[in-house]
Amino acid sequence: MNQMMNQCLRFLFVIVLFGYGHHSWSASSTACKGLSFELQTALIDLNLDPAPPLQMTVTRTGNGTCEFFLVIDGPSTNRVLTHGSDTYPIQMYTNPGHTNIWMSLTEGPTAVNVISGNFSGNSSQITLTYYPLFIPNAAKPNGPYTGGFSISLYQDGLSYYDPTQQPQSKNVNFKYTQEPYIDIALVDTGAPFVAGDRNQTLNFGNLVTGTTLGCDVVLQHNAGYRLSMSSANSGQLKNTNGALTSFNLVPYSLTLNGSPITLTSLPQEVNSSSTLNSPLGGTRLPVSVTIGNLTVAKPLPGTYSDTVTISVSAY
């Protein structure tokens, strides 16, 4: 009979151990009671800062040890803001150095690819930071770009969480306004666009009827443009040392992109385009200048010149 009693005690002892294990799980669940989070800002204007550190606050009402982690929807390889059919890349990171991409659960993230925290004792609030990175590109079509992503909070650690749990999720939204942009360069014929190259000198040497020289106007733009021209001497070369008489003027003709241009002292629109984006290398408009008939003009000896001003605006 004593032997039977010992067996029963052992059996009861085993039952007590299993009961204790179940109680431990309940304590963890209690520690994460009321687990939730709030975003510092739900709409971020990237025109103010293209790489703003953003905070979110995780809170709970329980006590004890409570581990958690947050993920963001993906895929991380295709996070973009959109404007119609145009897209603008953006990426999310878990570290300020922008080396660890914040991933979604479907991408199989490791610990560095999620944002995690751990409550202990009676602490009730933890503030965490994530790091968007947006790189402005003047070549993108102008207009407002927007996009949003869903952030989800999971209880427990990444390596042992319950995938059937229903996470709490909140949306973060971004906006960026791409302003119209245009830049102009005057370069040698066939030469590439060079930012800041705004002057060209066509030196004809001794003037000869029919001599032609040229250069290229190259535009970089993300909007339609209007291009205007004006001439200091209304489309004539003037003797820099002579009075303004017909014998101190030499006619010349000018074409832009193959079209003849009548120059005056006032700016006139001579070329325009509604194409938003310049092609690779820029929109190239060849300029050609040809000396007129000197036999008719009968210019006096001297140095002749004219200044043609080219201006461009986006629309």
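A: Happy to! Let's begin with two residues in this predicted model: Trp 102 and Tyr 130, which are both buried. Together, Trp 102 and Tyr 130 make a tilted aromatic pair, with 5.1 Å from centre to centre and 50° between the planes. This pair joins distant parts of the chain, as 28 residues separate the two partners. Trp 102 belongs to the loop between strand 7 (91-93) and strand 8 (115-119), while Tyr 130 is in strand 9 (residues 125-133).

Now let's step back to the whole structure, where a search turns up 10 aromatic pairs. One of them brings together Phe 69 and Tyr 154: the ring centres are 5.3 Å apart and the planes meet at 10°, which is under the 30 degrees cut-off, so this pair counts as stacked. Phe 69 and Tyr 154 are each buried.

Ring pairs can also build a group. Tyr 88, Phe 134, Tyr 145 and Tyr 176 are linked into a cluster in this way. One member of that cluster, Tyr 88, has a charged neighbour as well: Lys 140 lies over the face of its ring, 5.7 Å from the ring centre. Elsewhere, you can look for Phe 37, whose ring has the charged end of Lys 170 over it, at 5.9 Å from the centre.

How values were computed: Residues are numbered from 1 along each chain as its sequence is written. This is a predicted model: local features need pLDDT of at least 70, side-chain atom pairs count only at pLDDT 80 or more; totals for chains, interfaces and linings use all residues. Side-chain values use heavy atoms; hydrogens and water are left out. Rings of Phe, Tyr and Trp (its six-membered ring) pair if their centres lie within 6.5 Å; planes under 30 degrees apart count as stacked, over 60 as edge-to-face and the rest as tilted. Buried means under 20% relative accessible area, exposed over 50%, partly exposed in between (1.4 Å probe, protein chains only). Helices (H or I, at least four residues) and strands (E, at least two) are DSSP runs, numbered from the N terminus. A charge sits over a ring if NZ of Lys or CZ of Arg is within 6 Å of the ring centre and within 35 degrees of the ring normal.
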